[in-house]
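Hello,

Please find the structure below.

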Amino acid sequence: MESIQSTIEKMEREIALVAFREDRVSNLPGAQPSELVWRRLASASLDKKRAAQRRIVTLDRLEGATFRFDILRTKILRTLRQKNWTSIAITSPTPGCGKTLLALNLAFSFANLKECRTALVDLDLRRPQVGNVLGIEKPSSMEGFLKGDNSIEEVFLRYGENLAVGANACVVPYAAELLQSSEAATAIKNLKDKLRPNVLIFDLPPMLVNDDVLAFLPNVDCVILVAAAESSTFNEVDICERSLSQQTDVLGVVLNKCHFSPEEFGY
Ligand SMILES: Nc1ncnc2c1ncn2[C@@H]1O[C@H](COP(=O)(O)OP(=O)(O)OP(=O)(O)O)[C@@H](O)[C@H]1O
Ligand SMILES: [Mg+2]
């Protein structure tokens, strides 16, 4: 039988080997130190019932609506790959069009692709809702993160292996000023460099209400505009699309809250 001493020695050798490997991973040129950052993120569990009540439908394959998000996901991913883009802002003309819901459903839909690393950041600094929908008890301060005071590990939680979510606890009165600051640009660049997500989604405020979106757009590759079928007007969508396209690429307009669904294909 193996002695305790030799077992301890074996364990010590194994621990030393793991440390050596991690050290090599983080020091090799071209290696992926992001693996270590992902592993250091606190793992969060999701209350699926709560999420379903708040219309998160991409966790399971139970809802017909899941497939609409999956189709959207695949179209977005194809464009991101073609253009070598990673970051997407989500905005709408006015409040309540469904930005947060789209951001979360897309994030979980992307996370179902095991090889796709996705990060979702709540940058609606005036009405942060991501933490509330997910039931995060004590979301960290996004203001602190954007100012460089809080680290990625302090602010982001990991759902499963490949989805990182940065929620926000506090309303930020000078949001537009913060979002266009060089500190915020540095924090976002740091996030991209360290997590190296394939898809980085920013849940932003509505754009006809304040200048937060215009202030932040230089940090993203493209934008999705969400319109609510029952409340957004053609004029609002037109104004927003023109304004956005002067600064970035508009990936598309998502028509949400539409009562008339396309013909079912019986599959
Ligand atoms: N397709 C939909 N069908 C039914 N309800 C929806 C749909 N999309 C969003 N909602 C509901 O509408 C409300 C507003 O959605 P959400 O918070 O996602 O909008 P928002 O654009 O992020 O709002 P805000 O501008 O306040 O950030 C929520 O209660 C949400 O559950
Ligand atoms: Mg919202």
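**Helix α5**

Helix α5, covering residues 99–111, has 13 residues and spans 18 Å from its first C-alpha to its last, close to the 18 Å expected at 1.5 Å a residue. Helices here are DSSP runs of H or I with at least four residues, strands are DSSP runs of E with at least two, and both are numbered from the N terminus. The expected span is 1.5 Å times one less than the number of residues in the helix. α5 is mostly covered, with 13 of its 13 residues buried. A residue is buried if 20 or more other C-beta atoms lie within 10 Å of its own, exposed if 12 or fewer, and partly exposed in between, with C-beta atoms placed from the backbone.

**Source and numbering**

This is a predicted model, in which local features need pLDDT of at least 70 and side-chain atom pairs count only at pLDDT 80 or more, while totals for chains, interfaces and linings use all residues. Residues are numbered from 1 along each chain as its sequence is written, and chains are lettered from A and ligands numbered from 1 in the order in which they are written.

**The chain overall**

The secondary structure of the protein chain comes to 12 helices and 8 strands. Of its 267 residues, 37% are buried. Among contacts with a separation of 6 or more, 78% are between residues 24 or more positions apart; two residues are in contact if their C-beta atoms, placed from the backbone, lie within 7 Å.

**The sheet**

The 8 strands form an open sheet with mixed pairing, in the order β1-β4-β5-β3-β6-β2-β7-β8. Two strands pair if DSSP finds at least two bridges between them. β1 (42–43) and β8 (249–256) are at the edges with a single partner strand each, so one side of each has no neighbour in the sheet.

Strand β2 (residues 87–91) pairs in the parallel sense with β7 (residues 222–228) over 4 bridges. Another 4 bridges join β2 to β6 (residues 199–203), also running parallel. A89 stands opposite V223 in β7, and its bridge partner in β6 is F202. Both faces of β2 are covered: S87, A89 and T91 are buried on one side, I88 and I90 on the other.

**The core**

The largest nonpolar core has 69 residues, and those touching the most other members are I88, I90, A107, V165, I201 and V223. α5 gives the most to this core, with 9 residues. Such a core is a set of buried Ala, Val, Leu, Ile, Met, Phe, Trp, Tyr and Cys residues joined through C-beta atoms within 7 Å. Leaving aside neighbours within four places in sequence, I201 is in contact with I88, I90, A103, L106, A107, T118 and L120.

**Ligand 1**

Ligand 1 is surrounded by 16 residues, the closest being P95, G98, K99, T100 and L101. A residue counts here if its C-beta atom, placed from the backbone, lies within 6 Å of the molecule. α5 supplies the largest share of this shell, 3 residues.

**S151**

S151 is in the loop between α7 (142–146) and α8 (152–155). S151 is partly exposed, with 16 other C-beta atoms within 10 Å.

Regards
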